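Good morning, colleagues. Please look at the model on the screen while I go through it.

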Amino acid sequence: MYAQMVKSEASTDDPEKLAAFQARIDAGEKIEPKDWMPAGYRKTLIRQIGQHAHSEIVGQLPEGNWITRAPTLERKAILLAKVQDEAGHGLYLYCAAETLGVSRDELTEMLLDGRMKYSSIFNYPTLNWADMGAVGWLVDGAAILNQVPLQRTSFGPYSRAMIRVCKEESFHARQGFDAIRKMANGTPAQKKMAQDALNRLWFPALMMFGPSDADSVHSTQSMAWKIKMNTNDELRQKFVDQTVPQIEFLGLDLPDAGITWNEERGHYDYSDPDWDEFFDVIQGNGPCNTDRLAARNKAWQDGQWVRDGLLAHARKKAARKVAAE
Amino acid sequence: MAATLTQDEALFQFLLRMGDNTLILGHRVSEWCGHAPVLEEDIALANTALDLIGQTQMWLGLAGEVQGAGKSADDLAFLRDVWDFRNVLLVEVPNADFGRTLMRQFLFDAWHSIQLGHLMKSSDPRIAAIAAKTSKEVAYHLERSADTVVGLGDGTEESHGFIQAALDYLWPYVGEMFTSDAVDAAMVDAGIAPDPASLRSDYDALVLRVLEDATLTVPDSRFAHKGGRTGAMHTEHLGHLLTQMQWLQRAYPGASW
């Protein structure tokens with residue numbers, strides 16, 4: 001889910017080829033990297049998988065923010081393991097994108113100069129320890145709702161990456177819930193942290209699903225190609241329906257006065273997030289956009305000599321090996 | 001302290017030295033999260049930190065048992081002040097750049113792997129068991145840090161410069177790992193741990209071989225900064241590290257996390 005508002009490309013390919021391609025997708029076949037595919041399918045997937053990968057990478061930062069302040073050795077170990085998993089997800093996803101003919105370095109450069117996006121959620125700050133529980137519970141929880149169906153997506157490498165990612169993400173969501181439950185059942189100060197984290201992250205978590213379908217111009221083609229499996233509103237409703245009882249179980253106050261059970265629909269009603277805020281964040285004006293991108297750019301620039309050095313050594317080593325043979 | 005040191009007090013000090021080394025180095029390495037030069041290094045650094053924190057739980061857990069004051073590994077990690085820490089100064093110096101971080105890791109890993117090799121034969125079965133488990137992780141840490149030091153030393157002129165500067169900065173912190181005192185004498189007498197000074201020749205053989213492969217120049221000095229493993233004089237850096245690491249436990253005493 002870490003892909004939002006992915007612009008779907010129209011295709012100008014040969015109509016016969018397009019029809020045959022669509023027939024394969026409709027029959028539930030997987031498209032593999034060497035198969036023919038419409039240029040628009042390739043371009044849209046690079047954008048979507050790339051955005052997802054970047055989200056995993058930038059997503060290390062808000063959680064990394066608390067690793068050095070984790071309150072126990074066990075919590076520190078759990079958080080480290082989780083952030084390490086996210087970096088691993090980034091790696092699988094970049095590999096999946098590479099099968100479409102774009103390199104990881106190219107994608108990285110597009111992230112760093114702002115040509116490619118990452119999920120809006122990572123532009124929000126993590127301000128107290130309960131955020132580490134809330135991020136796992138709400139953010140990973142929201143991501144899973146989008147990623148579980150993507151295990152069935154039409155592009156083989158993406159689908160296989162999602163299968164691995166989902167196993168780890170559901171573990172993270174459970175760990176997150178455990179961490180916030182500890183806070184919600186803790187001292188008054190801890191409960192206050194849990195409530196604060198929920199209140200701050202609720203609407204940003206709802207925004208992760210993207211704007212309402214009525215305003216979403218990219219869905220139809222992506223859904224036909226099975227690279228988007230559900231509408232944004234379907235998934236958002238599912239998220240609200242599964243999360244509200246969890247909030248009640250935790251004994252926390254609901255973060256939105258508009259949440260009420262709607263007997264007729266069989267779903268919870270809820271208030272819409274502030275979409276103006278969402279578009280501000282997408283356009284670079286979220287609370288942390290500048291700092292997140294600056295941190296990634298600094299890591300990349302500071303690491304240049306390391307990458308160059310290790311590459312030069314690998315070349316020398318290979319040359320020495322050839323010379324010795 | 002030396003004249004009145006009981007066996008349990010000496011053992012407690014020894015275990016703090018082991019656990020504080022892994023705690024403080026694990027903390028330092030974890031500061032890299034999300035900021036490494038390349039994704040594979042982010043993963044490797046997090047993995048190393050994770051191993052070290054896991055090892056800390058074992059060493060400080062046993063230290064708490066030996067101390068017999070009902071303290072957990074977390075109590076020892078989060079509720080002691082600078083003067084009670086027993087890690088060597090090497091592990092508390094700041095990360096600076098990636099070169100210094102990896103050189104510090106290598107200089108520590110080399111000592112750590114040799115030390116654990118001896119501890120696997122400890123007369124104390126609890127220590128032998130921790131050493132057996134952790135030595136496998138540390139063998140991998142050493143392989144990786146040595147390879148990276150060689151890669152950066154024998155890479156470009158620029159990477160060579162960075163890693164040589166790291167070695168020059170860190171070399172005066174190496175000697176402390178091989179200083180011996182009354183705690184060590186008590187450990188040697190009981191067959192629990194080797195005399196630190198006795199590890200130096202194996203260490204030099206290992207480290208000098210790698211540094212030579214890395215085309216680095218070893219500083220011509222045996223001067224050693226001391227004071228970490230006795231707690232007599234840490235660097236100024238440790239206090240800042242603790243203010244961050246211990247903040248939640250200090251600000252909200254008695255809470256369960």
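Helices (H or I, at least four residues) and strands (E, at least two) are DSSP runs, numbered from the N terminus. On that basis, chain A has 13 helices and two strands. This is a predicted model, in which local features need pLDDT of at least 70, side-chain atom pairs count only at pLDDT 80 or more, and totals for chains, interfaces and linings use all residues. Residues are numbered from 1 along each chain as its sequence is written, chains are lettered from A in the order in which they are written, and side-chain values use heavy atoms, without hydrogens and water.

As to overall shape, the C-alpha trace of chain A spans about 70 × 50 × 35 Å along its principal axes. The radius of gyration, taken over C-alpha atoms, is compared with a globule rule of 2.2 Å times the number of residues to the power 0.38. For 325 residues a compact globule would be near 20 Å, and the 21 Å of chain A agrees with this. Of these 325 residues, 56% are buried; buried means under 20% relative accessible area, exposed over 50%, and partly exposed in between (1.4 Å probe, protein chains only).

I turn to one residue of chain A. A:Asp105 lies in helix H5. Is A:Asp105 buried or partly exposed? Its relative accessibility is 43%, so A:Asp105 counts as partly exposed.

In chain B, B:Asp181 sits in the loop between helix H6 (157-170) and helix H7 (182-189). B:Asp181 is also partly exposed, because its relative accessible area is 23%. The C-alpha atoms of B:Asp181 and B:Asp195 are separated by 9.0 Å, with the two residues 14 apart along the chain.
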